[in-house]
Amino acid sequence: MNEITRRAALGATLALPLAAPALKAQGLTRLRVSVIPVLDVAPLHAAIAQGYFREEGLEIDTSTTAGGATGLPGVVAGQFRIAFTNTVSALLGVREGLDFRFVAAAVRSQPNPPDTMAILVRKGSGITNGKGLEGKRVASNTRNNIVWLRGMAWIEKTGGDWRKVNAVEVPFPQMADALAGGQIDAGLFSEPFVTAALQTHGDKLERIGWFIQETAPNSSVAHYVAMKEDAERNPEIFERFARALAKGTDWVNARLGQPELLELISGFSRVPVARLKDCAFTVYVKQITEAEIAEVIATMTKFGLGGRYPAPDQLIFRTAKA
Amino acid sequence: MRIERLTALLPGLGFLALLLAGLEWAVNAGLVRRALMPPPTAIWEVLSDLIASGEVLGPLFATLRLVFIGFAIGSAVGIALGTAMGWWGAAYRLLEPLVEMLRPIPKAALVPPLMLFLGLGDTMKITSVSLAVTFPVLVNTLQGVRGVDRVLLDSARTHGWGTARVLRHVVLPAALPFILAGMKTSLGLALIITVLSEMLTGQGGLGFLILDMQRSFLIRQMYAWLVILALVGLALNAVFAWAEGRALHWQRRG
Amino acid sequence: MRRPTSGFWLVLALFLLWEVSARTGMVDSPNWPPFSQVLAALARDTLSGEIPLLVGSTLARMFAGLAAGTVVGVAVGLLFGASRLATRVLGPTVELVRPIPIPAIIPPLVLFLGLDNGMKITIAAVTAFFPVLTNTAQGLRAVEADQLAMARTFGVPAWRRLFLVTLPAILPYVMAGLRVALALALVTTVVAEMIAGEQGVGHYLVLMQFAGRAEEMYAAVLVLALLGYALNRGFLWLERRLIGWFFATGRDG
């Protein structure tokens, strides 16, 4: 609650420009970073809490966007220096002429189950694979993002034709109710909503697959993105950011499943700790490979999001490279 | 007459054309980022494709359907409750505190809780829109009914008219201008709440598509759908103004 | 104080029904917390300072937008009221933009102004602009005939005429537009907060919905209801203070 109050206070301060200079008192470079309240941004919050950014002379001001939206438009508008975003959304922007660059790594899918993303259906619906989903309504939180893409890939891999599936959007918090209530026939869930759905609707819902892990283990899920211009002009800022974030990643990886980490996540996501205990986690990584970006582009092309993309090598800024 | 009206429109249309041409030039000259604001001709291309392929129809009807049904239900409830409250003191005393409590809630705030109960389908959206529409209509109807000339009422009563007949032939026609004013306010609100609920539920019509296209960085498509929505707003206002004129005309004669 | 009417008891009964239905499991849903818990959440987050800060930031943005929209709306309204040519040239563009439902311009606006104050203040300003514009232009035409002609005959220079005669005379009309704008601006500011960024009561509402914390979500709805009520009351008070003369003398003028 304290963390939240601090952030709220910060928000109010921003509303009053006169009070702003107080923040700059320590001579830190202030970076506004757009995040989504999901488990994947734990390293960023850990690095803030542990003072790793401060050691690098950075003051991180996180801005949380609820819902399926990412903060990318805010990066375009120059409001955020960095945004946490799924790989597909960033690449779509690049395709449309917005020069995003991956400046730091965040998460990849698990090599083995359980993974953070799972496809759920109603018990007794008889649906077990993509073939069974043809002509049915399948929900992702947003279309044309990583969840949607991997969901379609899973349908294809398990014998279905993704074009015959009726893809709809349902925000994660509503997905369990929508599925149990019969408004959709399958949901592409992300943690902590997988756990929440099975806790509250366990008698009605069941998991039929881990759609990312089964179609693309160890694949790119989400990373931190900045504008190319900014990265090239101020490389040392992004170097410092990536270094501090990497320390945060180490901190998180050393505490997987431990109460300390769950407290931290509960703090920024506001999801109760009890629910987080049963959650699956992603793989927190420190580098982005050309191969993983190339794989996402290839998959996007296969599922109707093709176009002219720059070579992966150009899209990964050196701060994120291995 | 017709020609005069057209010539009156000329300066305005000329200005609009100039504005679009200026924008086209600014984008092509690199003064505006093309990725954020494509030239109007590029938007027009997408727009004409959407129309020619008929792709526009599904989302268009989805949105119009919500607006119409929500507006109709909300107006009916508002007129019924407003009339009851204006006519019977007991109904007023019973409902007034509740109305005063619910009325100031910005109806947009009710969309998230309603999503939890009614799900993401049309039921939820229509309920949200109806709620937004009800209150302005209700309050205006109440005002209108209360303002009906006592002399008219007394003379109707002396003719031995029953309540239903008085309401139908005296009260409602007299309150009509108020009711229509309330409905006019509500129409704008109905469109706002429709678009919002489409955005928040991520399904259906024009509002959803505008947000969805932005998230996918399909910027030309986003503007094309926005133009369509603007035309919908324009058409709805025009239809309402026409209907209002007809209704008031009928009221004066009746 | 009014004597409690049947309506008061109805409201009380509904709240009681809410409480009982949630406690006894008549409605068994994590989305339906007892009313007392909603009040508790409201009290908790109010005392912790979170809700007052959120309300403050929402109001600050809304009023900033209202102020900007009103100034521009009055200026353009005066232009429209004074010049038939201006109306003819600019009018159609304004009429074309006016019916666009405000939430729909948030996605494109975000690309240019981002997700924070600039975008949200602009949204509130656009909301206020149209009703103020319409009312100003109407007001000017209404008062122009008598008062302005009189001022002109007394040889008051144009700019002084604007501040001393025109603006006070059309104030009631501007206020009428502002009253519409105020209610709408609260809606659109909250909508903008719900759709983009992480500020204000609107974002809190959606965040709590997302986190599955129903008590806080309803608390936010209550806060917004109170806010709507207080704003309306405050405006009525202001209107009476500022233009009481209009209502007092309006009829015999």
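Select residues 60-240 of chain B, the span that UniProt, in an unreviewed entry, lists as "domain: ABC transmembrane type-1"; UniProt positions follow the numbering used here, feature names are shortened, and annotations may be inferred rather than shown by experiment. The span is 86% helix and 0% strand, and its end C-alpha atoms lie 18 Å apart. Helices (H or I, at least four residues) and strands (E, at least two) are DSSP runs, numbered from the N terminus.

This is a predicted model, in which local features need pLDDT of at least 70 and side-chain atom pairs count only at pLDDT 80 or more, while totals for chains, interfaces and linings use all residues. Residues are numbered from 1 along each chain as its sequence is written, and chains are lettered from A and ligands numbered from 1 in the order in which they are written.

Next, colour chain A by domain: domain 1 takes 2-109 + 218-320 and domain 2 takes 117-215, with bounds from an automatic or database domain assignment. Their centres, taken over C-alpha atoms, are separated by 26 Å. Across the boundary, 23 residues of domain 1 of chain A are in contact (C-beta atoms, placed from the backbone, within 7 Å) with 18 residues of domain 2 of chain A. On the domain 1 side, α5 (87-95), β10, α14 and α15 (290-302) of chain A each give two or more residues, and α5(A) provides the largest share, four residues.

Move to helix α9 (193-200) of chain A, whose buried residues (20 or more other C-beta atoms, placed from the backbone, within 10 Å of their own) are Phe193(A), Val194(A), Thr195(A), Ala196(A) and Ala197(A). Their cover includes β5 (117-122), α8 (172-180), β8 (186-190), β9 (205-209) and α14 (273-276) of chain A.

Finally, select the contact between chains C and A, which takes 29 residues from chain C and 27 residues from chain A. On the chain C side, α3 (50-82), α5 (106-113) and α8 (200-210) of chain C each supply at least two residues; the largest share, seven residues, comes from α3(C).

Technical notes:
Two residues are in contact if their C-beta atoms, placed from the backbone, lie within 7 Å. A residue is buried if 20 or more other C-beta atoms lie within 10 Å of its own, exposed if 12 or fewer, and partly exposed in between; C-beta atoms are placed from the backbone.
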